[in-house]
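Let's take a tour of a protein model together, starting with its aromatic rings and ending with its pockets.

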Amino acid sequence: MDKISESGIITDNGQLRLPMDRLNAFFAANKGKRVVVRFEAAAPGSTELQLAYYFNYIVPTIQTALWENGDRRTEKQVDLWLRQQCASCYNDYGGVLEARQISKPDFSDFIEWLKQFAAENLYVYIEDPRTL
């Protein structure tokens, strides 16, 4: 595993909180390698946070799980596949909506559905979306 995506929070005193158990396991598996880190911040409860959480945390996490099961998909293919699996991602005419077209409440339902779907089908933990 040479890629990891995690979600964290910056506390009121400016400290970054991340799931260190998963990060430490990743570090141990990649000793001596260089890393590239990208931080992105968004206001709690915002649509921007939902989209960033989905594209930068959920999709790469699901992609890694699929790869570990021999299913090689790009992030774009994973995104489309996930949206095709969930009823909240369809318009009134049966077409699959782009992530940015899904309403905020429906996107919240989609993320909640993804958490359960990932756990049941891919044995992957997705952080509780209610923390967003």
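In this predicted model, the charged end of Arg 73 lies over the ring of Trp 81, at 4.7 Å from the ring centre. Trp 81 also belongs to a cluster joined by ring pairs, together with Tyr 54, Phe 55, Phe 107, Phe 110, Trp 113 and Phe 117.

How many aromatic pairs are there? The count is nine. A pair of aromatic rings is described by how far apart the centres are and by the angle between the planes. Here are two of the pairs:

| Pair | Centre to centre | Angle between planes | Arrangement |
|---|---|---|---|
| Tyr 54 and Phe 55 | 4.9 Å | 70° | edge-to-face |
| Phe 110 and Trp 113 | 6.3 Å | 15° | stacked |

Phe 110 and Trp 113 are three residues apart in helix 4 (residues 104–122), so about one helical turn separates them.

The largest pocket has a volume of about 1400 Å³. Its lining is made of 38 residues, and nearest the centre lie Glu 6, Ser 7, Leu 18, Arg 38 and Phe 39. Strand 1 (9–10), strand 2 (16–17), helix 1 (20–29) and helix 2 (47–68) each give two or more residues to this lining. Which element gives the most? That is helix 2, with seven residues. Sorted by class, the lining holds 24 nonpolar, five polar and nine charged residues.

Technical notes. Residues numbered from 1 in each chain as written. Predicted model: local features only at pLDDT ≥ 70, side-chain atom pairs only at ≥ 80, totals over all residues. Heavy atoms only, no water. 1 Å grid on protein atoms, 1.4 Å probe; cavity = no way out; pocket = protein on both sides within 12 Å on 5 of 7 lines; lining within 4 Å. Points joined across faces, edges and corners; volume = space filled by probe spheres on them. Helix = DSSP H or I, 4+ residues; strand = E, 2+ residues; numbered from the N terminus. Nonpolar A, V, L, I, M, F, W, Y, C, P; charged D, E, K, R; others polar. Phe/Tyr/Trp six-rings, centres within 6.5 Å; stacked < 30°, edge-to-face > 60°. Lys NZ or Arg CZ within 6 Å of the ring centre and 35° of its normal.
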